[in-house]
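Good morning, and thank you for joining.

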Amino acid sequence: MKRFYPVLLMMLMCACGSNPQGQTNGAAIESRSVLRTEAAEKESETEDTAEAAEEERAFFAMNTYMRIRAYDADTALMDQAEVRVEELEALFSTTREESEIAILNRDKTAALSGETEELMRLALSLCERTEGALDISVYPVVRSWGFTTGEYRIPERAELDTLLRYVDYRNVKLEKGTALIGADMMVDLGSVGKGYTGDQLAALLKENGVQSALLDLGGNIQTVGRKPDGSLWKIGIKDPKKPDSQVGGVSVEDEAVITSGGYERYFTGEDGEIYWHIIDPATGEPAHSGLLSVTIIGKSGALCDALSTSLFVMGLEGATEQYRTYGDFEAVLVAQNGTVYITEGLRDRFTLAEGLDPDRLQVIEK
């Protein structure tokens, strides 16, 4: 029987709060750690890592809990990794007054460091690739729902329509290290930021001789190499209808595994409806595409981060088109009707959870 490492369910103590599910008028839960890390299975962990020295570091950054587990690393390297996250957060954060993005949002122009410019160019290219399903300028709309502060509310349609006038990534200009946006615009690189950070940390660890590591950046999973025993990392994927259970797991090496789902952060309005944080830039409202969760697997954490959100907005048809057109990722899509779709590159790497009907599993072919 194939075994998947159990998740460390980290309730993210961020501005959105950790109120119990079912409360109305501003109640929400945040469980971005949708994928399994190996923190709890100590018995098997002892078997797998008997020959490798383990170094672990857990800390709070980018408004979430992060955990880095590296083998044949030392404390000094883990210190470097934590400092690296802090450096990137200082560049990209929308809430730190002196970050480059915060300055851009305030002054509508800002000089960008090489890293911020690189990440913004990548984000804008993915906005174009997804035809605006990903849009870094939707931030004011997300904020109007209270998802950035935890002060949840349902905006009036007229308010959303006004904000949507200024949502258009094509009006973000980059010229020789300087960014410019419209007078009523604001941007946020959060849709790619943690994925990019995972890429940077993986590169840092490899440069310092680490051949095996597992990074959990608030649920964004990044793997370095294989497990110390030479086997693949096995990452479980939550069932969005039963977040305490799984729909299955995927075997990976040197890849990111990133999931977006409506169950991650939401609130129940006074009208009894559930409103989640993934906003469709076309409507200004929570995206309803027929998908409940989207997991992207690939070499680039930044790409996986962006696509997990945008393909949730685009739905099954749009996700299938992206896969067939670009072929630079694999995916697990859980539909509202319970069907689990996997891309064909996962045929031999995905295992449906025990007890689930095999007929629920469908393969998307190129």
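Val-250 lies opposite Phe-350 of E17. That pair belongs to strand E10 (residues 242-252) and E17, which run antiparallel and are joined by three bridges. Helices here (H or I, at least four residues) and strands (E, at least two) are DSSP runs, numbered from the N terminus. Two strands count as paired if DSSP finds at least two bridges between them.

Before I continue, a word on the source: this is a predicted model, in which local features need pLDDT of at least 70 and side-chain atom pairs count only at pLDDT 80 or more, while totals for chains, interfaces and linings use all residues. Residues are numbered from 1 along each chain as its sequence is written, and side-chain values use heavy atoms, with hydrogens and water left out.

E10 and E17 sit in an open sheet of three strands, ordered E9-E10-E17, with antiparallel pairing. At its edges are strand E9 (233-239) and strand E17 (350-352), each of which pairs on one side only. From one strand to the next, the twist averages 30 degrees. For angles throughout, axes are lines fitted to C-alpha atoms, for helices over the stretch in contact, and the values run from 0 to 180 degrees between N-to-C directions.

There is also an open sheet of nine strands. Its order is E2-E3-E7-E8-E11-E14-E15-E16-E18, and the pairing is mixed. Strand E2 (54-61) and strand E18 (361-364) form the edges; each has a single partner strand, so one side of each is left without a neighbour in the sheet. Neighbouring strands are turned against each other by 15 degrees on average, direction ignored. Within this sheet, strand E14 (residues 291-298) and strand E15 (residues 330-335) pair in the antiparallel sense over six bridges. Val-294 stands opposite Leu-333 of E15.

Which strands does H2 touch on the sheet? H2 packs against E2 and strand E3 (64-71), and its direction makes about 25 degrees with that of E2. Contact, here and below, means heavy atoms within 4.5 Å.

I turn now to the helix pairs. Helix H2 (residues 75-92) and helix H7 (residues 190-207) pack at about 150 degrees, with their axes 10 Å apart. H2 and H7 are therefore roughly antiparallel; angles under 35 degrees count as roughly parallel, over 145 as roughly antiparallel, 65 to 115 as roughly perpendicular and the rest as oblique. H2 passes H7 in a right-handed crossing. A crossing is left-handed if the near helix is turned anticlockwise from the far one by less than a right angle, and right-handed if clockwise. On the H2 side the contact includes Leu-77, Ala-81, Arg-84 and Leu-88, and on the H7 side it includes Tyr-196, Gln-200 and Leu-204. The residues of this contact divide into nine nonpolar, three polar and one charged. In this scheme Ala, Val, Leu, Ile, Met, Phe, Trp, Tyr, Cys and Pro are nonpolar, Asp, Glu, Lys and Arg are charged, and the others, Gly among them, are polar.

H2 also packs with H4, at about 70 degrees and with the axes 10 Å apart. These two helices are therefore roughly perpendicular, and H2 passes H4 in a right-handed crossing. Arg-84, Leu-88, Leu-91 and Phe-92 of H2 meet Glu-115, Thr-116 and Leu-119 of H4. By class, that contact has four nonpolar, one polar and two charged residues.

With which residue does Arg-84 form a salt bridge? The partner is Glu-87, the closest N and O atoms being 3.3 Å apart. Being three residues apart in helix H2, Arg-84 and Glu-87 are separated by about one helical turn. The structure holds 20 salt bridges, each a side-chain nitrogen of Lys or Arg within 4 Å of a carboxyl oxygen of Asp or Glu.

Lastly, helix H4 (residues 114-129) packs with helix H8 (residues 301-326) at about 25 degrees, their axes 10 Å apart. H4 and H8 are therefore roughly parallel, and their crossing is left-handed.
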